[in-house]
Amino acid sequence: MRFPARPATIPPTLPEWDPAWSRTVDAETADGTHSFHVLDTLEALRATGREPTGTIVALHGNPTWSYLWRHLAQATVDAAGRAGQRVWRVIAPDQLDMGFSERLEHESLPKPHGPEVRRISQRIDDFDAVVRTLLAEVDGNAPDTAGSSAPTAEADGSDHPIVTIGHDWGGVLSLGWAARNTALVSASISLNTAVHQPDDAPLPAPLRATLAGPMLPTATVLTDWFLRVTLGLGDLDPEIRDAFRAPYDAPGRRYGIGGFVADIPVDEKHPSYPELQRIGEDIAALSHPALLVWGPKDPVFLERYLRDLRGRLPQADIHRFEKGSHLVSEDFDVAGVVLDWLAARFPAEVDAGSTADARSTPAASPIAAPSTEANASIPSAVTNSSAAARPITAILDARRDDDSVASVDFSRSPAQQITWRRLWHVTTSIAHGLTELGVRPGDRVSMLVPPGNNLTAALYACLKIGAVAVVADAGLGPQGMTRATTSADPQWIIGELPGLGLARAFNWPGRRISVTPLGPVQRRLFKVETSLTDLARTDHRGALPTPAADADAAVLFTSGSTGPAKGVRYTHADISALAQVLTRVFNVAEGTGLVAGFPPFALLGPAIGATSVTPDMSVTKPKTLTASAIADAVIAGQATMVFASPAAYRNVAATASSLSPEQKAACARVELVLSAGAPVPLELMDSIAEVFPAASIHSPYGMTEGLLLADIDREGVARATGSTTTVAGEARPNLGVCVGRPIDGVELALAPIDDAGTPSETLLRGPQAHGRLGELVVSAAHIKAGYDRLWRTTALSARDDLDGRDWHRTNDVGRIDSTGRVWLEGRLQHVVTTPRGPVGPGALEALIDQDPQVSRSAVVGTGPTGTQALVAVLDAEGTELKAGLAPLDLTARLRAQVAAIDGHDLSAVLVAPNFPTDIRHNSKIDRSRLADWADHVLTGGSVRRRV
Amino acid sequence: MKITVTGASGLLGSSVARALVASGHGVTTLQRRPSGVDGARDVIGTVTDPTAVAEAINGAEAIVHLAAKVSLTGDPREFAAVNVGGTRTLVNGAQAAGVPRLVHISSPSVAHTGESIVGSGAGLASPGLARGEYARTKAAGELIALSADSENLRVLALRPHLMWGPGDVQLTERIVERARAGRMPVLGAGTALVDTLFVDNAVEAIVAALDAVDTTHGESLVVTNGQPRPIGELMARIAIAGGAPEPKLRIPVRAALTAGSVVEKVWDLGEHDDEPPLTRFLAEQLSTAHWFDQRRTQEVLDWRPRVSIEEGLELLVAHYSAN
């Protein structure tokens, strides 16, 4: 088959494509002049009177074309008008034989070793030629000599950064070009791509199939199979899919698709193999800022390629779209991430005098660059850590000769008790063992070990050597745990059998270590290399590495109730600060005995010097904790403190009658009862008080990103009930869940929520904040360091810089009352935006739930943002109510109560046949599903539809 | 200000005329029978008659055009004559007489195509897609009025939605009567959310429009209480306020739609003075959501509904227990 030459053309009219972006450019490549079709926003920018102050050069992969960058083009053109934003020009050529660029002449179908295939080295040269031709059009970025390691554009004073971005094989090619033009390029971005290493692992199956000899031309050129399959990896509307296909509508125009596939260096003998290796090495030498945006569901550019790139670009920021696939920029707001990242890395020049103004303008990018998460040695720009951060293992080290009890573990039968001396010895031995095995500082270690002495030993061994503990709890379910573990990408897994089985079944990454030694069959089956027991026999030879205070210590996962669970990073300084909070606020001091029935706090005993007792219970089933198990734990640890979850206390209260006199006496010695994980209603506090008559009962408020933020005790809950706050001269009852006041060391601010449900960029504190609905924003030494591999999520959550502190946007909404107490009213995305203003559902639910006819309720909105109708949905279960409209008298009563609060108008009161709740916290109502059901019913749909 | 009100024999028209008189305006009314509004000058005639129109608007500084044929069924020619032809006659007359302001009273049904309306704005009047003769001809009439909008004749179209209250015979009285007779059906679970408008608020909105039209004109505004309610609940409350029992007769939506079509056809065959008990249009109205974004309306009119639905229901109770 012959392929005739054909010059570049301009695309036809296409959806989401501005014809002003299209141009053809002749460029002098290594083998003569060729014509390229290029997406170039220069004219579109100049049409609005703007001159670029930065340039993004973008390279597509196979089988797409510059159409892939249309969202980026549109976003940059749109943003160019905004205050504080640079004017970014996008230059995105179609590669030769691809898109609407020139079709070269070919005598025969493409073959991997064929002479006519355009090789990656040529493609980088092509890119260089066309990009340099276009860059020369704008003053300030005239290309200088290539290849030198001169300072970047910014550093030499020209301040016109040039940034590369690529996707698929265009990712690697653009990174390679950037690495060879460091004098020109200031930063690099890549979406899913790969520097394939044939010796590492075979090519992914879909590519192997395509490459298999005679299949190649058929799959890629003669038919549209490869094109169709690739475009099928995105959730594309038919007209968008057609636009991607437009330049490849006949076999005669598809040589490039086959040629590109034929040029994949499948093994060492492939003509492009040495070049790809060189590119890979060049990329590894890149030291400028980098961003990797990844769709992990890509069947070709797998996790291992991201891992490889992380290794080559340790400075890279990473943002994963957990549900993204190969065409991640089609299904997710990649352009938004890129623009935010660019704004953080290359802020627009602002007059020194107007800096403050620009910062307070919402139109200016609110995002400051978060400290890079990839390189722990770079300290964060602003730190709240106390200057004298004590190493987490300092007390453990200090007590190495102490023969008193450090930890009692009732999860074993008989209970296992170990001394400080033994705990120090075991953790130090395991630390040495891990180091000898190859665990390096910064390596991640997934902990699949239930709370108890084994977990404590494994954790503190890791902390000693700067290995990062990854804790994905079983509450996420196998799928959620798999996603979480895969995104954290641990190098090691320490697990007991059920965990190792999961790891094997779901093919988790990481070398395996068991807790106790396994037999040869199981060792092979679970690919286990050694065990904690074996490691604990290691001699203490040589010095252990000492982790830096701002190095990562742990990655914990959120519950995932509002999307895929997010990894939350804590540094050593953060965890140390958390331990100090327990000491400072709750008096958990050296020598205290505490019963640790709540996992995160259970692990802090050795950091504080407290004797921790793990009671006999299943962690994932807090209801298995009985009063007598707690009492036995109290006795064994001479404990004066008990930490557990509300669900556990409920069961403790229910089983209190079985306590022996001795057990009762032990419980009566408890001074502090802490209930964490969910708010505690007063009646449960009262029941707890009957079991622990001498204890003060506290219910702290926190989240994975900040475990201890506010606190309220039993008396506080009693006082809060029925209290009011006066706003603008009118007393309004305080409603929602009162979680008390910020604890010592926590700064609290409020971002008021506007009529569209959007929280303000300006934070309020003190009396200004009182009584207003807003997002709660907190600052403390012990809040998260960032989200893991979620650059934009981190940047958004930490975008405030009030007082130069690090703040965290909690996504929780509520009010601060006139005495400084916090009242939670729900999550930000559940705020109802009525024409009378925003409504926090929790406040009205608290009111409605007081009605004797109601068991529980969810307040949702129906209709467009800003003009939603307010709807109360009641749970039929456990009541006399029938699905449908609530009875008239009940409706009238609830409506009158709601109107009396803020003048809000309750449009409808519906009774739902069932209430969906999330699995991890049975109490968390799935408001989104209830809102969907209410939408359906309130437009005339059947009330019998299951929620 | 000298103001002409057409259709002042109905509840809304006479209430508007009365309110304008009370505010000290000079009010002329135009309708087929005496308006009964003290202090107003009545011109007896119809809007389809250019002479009567000319007489009624002579010297007027503003017109409130309420006259319309309102019914669920009837002769299409009659709807067209009044709602389309009458509006054209009035607009032509206003232009000829140099009247500077026209508040045209329309209906949200002019933009209702049978689908649910969930918090939308007014939308364009659509004679081609609107349901039923009334809505189709009102849509055409609104387009005529709005197309006449200019700096010389400033036109604002108001679309009051499902007006009810003491004295209303169109909706309130029918619900009460049928509920008393045990013939008031609830379609489906009665959960479709609808906007309504208490009559006093409608009057005040129209009066407010006479001021607003000077600054904002050439557009349509739906006017409601801004308190969407499930249709079943609202009808039950109106029935109870009128002394009737809570309606218990439930009809599946699909059956009602079919029955509505059938009844319409059968009704047209016979001679009837009253309305058919059910039409397809009514069945749709009763089983789909239609409630509106009121932010633009309240901003343009600088008006807020003064009487809440709950207060309106109490006034209705008082009205029925007094009569």
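**Exercise 1. Find what share of chain A is buried, and describe the chain's overall form.**

*Solution.* Buried residues account for 54% of the 947 residues in chain A. Here a residue is buried if 20 or more other C-beta atoms lie within 10 Å of its own, exposed if 12 or fewer, and partly exposed in between, with C-beta atoms placed from the backbone.

Before going on, note that this is a predicted model, where local features need pLDDT of at least 70, side-chain atom pairs count only at pLDDT 80 or more, and totals for chains, interfaces and linings use all residues. Residues are numbered from 1 along each chain as its sequence is written, while chains are lettered from A and ligands numbered from 1 in the order in which they are written.

Next, list the elements: chain A has 33 helices and 37 strands. These are DSSP runs numbered from the N terminus, helices being H or I with at least four residues and strands E with at least two. The radius of gyration of chain A is 30 Å, close to the 30 Å from the globule rule for 947 residues, so chain A is as compact as a globular protein of that length. That radius is taken over C-alpha atoms, and the rule is 2.2 Å times the number of residues to the power 0.38. Along its principal axes, the C-alpha trace of chain A spans about 95 × 75 × 60 Å.

**Exercise 2. Locate the largest nonpolar core and look around Ala458(A).**

*Solution.* A nonpolar core is a set of buried Ala, Val, Leu, Ile, Met, Phe, Trp, Tyr and Cys residues joined through C-beta atoms within 7 Å. The largest one has 398 residues, and those with the most contacts inside it include Met447(A), Ala458(A) and Ala209(B). Helix α6 (residues 199-212) of chain B gives the most to this core, with 10 residues.

Now turn to Ala458(A). Two residues are in contact if their C-beta atoms, placed from the backbone, lie within 7 Å. Leaving aside neighbours within four places in sequence, Ala458(A) touches Ile430(A), Met447(A), Val449(A), Ile494(A) and Leu532(A).

**Exercise 3. Trace the eight-stranded sheet in chain A.**

*Solution.* Start with the order: β15-β14-β13-β11-β12-β16-β17-β29 of chain A form an open sheet with mixed pairing. Strands pair if DSSP finds at least two bridges between them. At the edges stand β15 (528-531) and β29 (786-787) of chain A, each with a single partner strand, so one side of each has no neighbour in the sheet.

Then zoom in on one pair. Strands β11 (residues 444-448) and β12 (residues 468-471) of chain A run parallel and are joined by three bridges. Arg444(A) stands opposite Val468(A) in β12(A).
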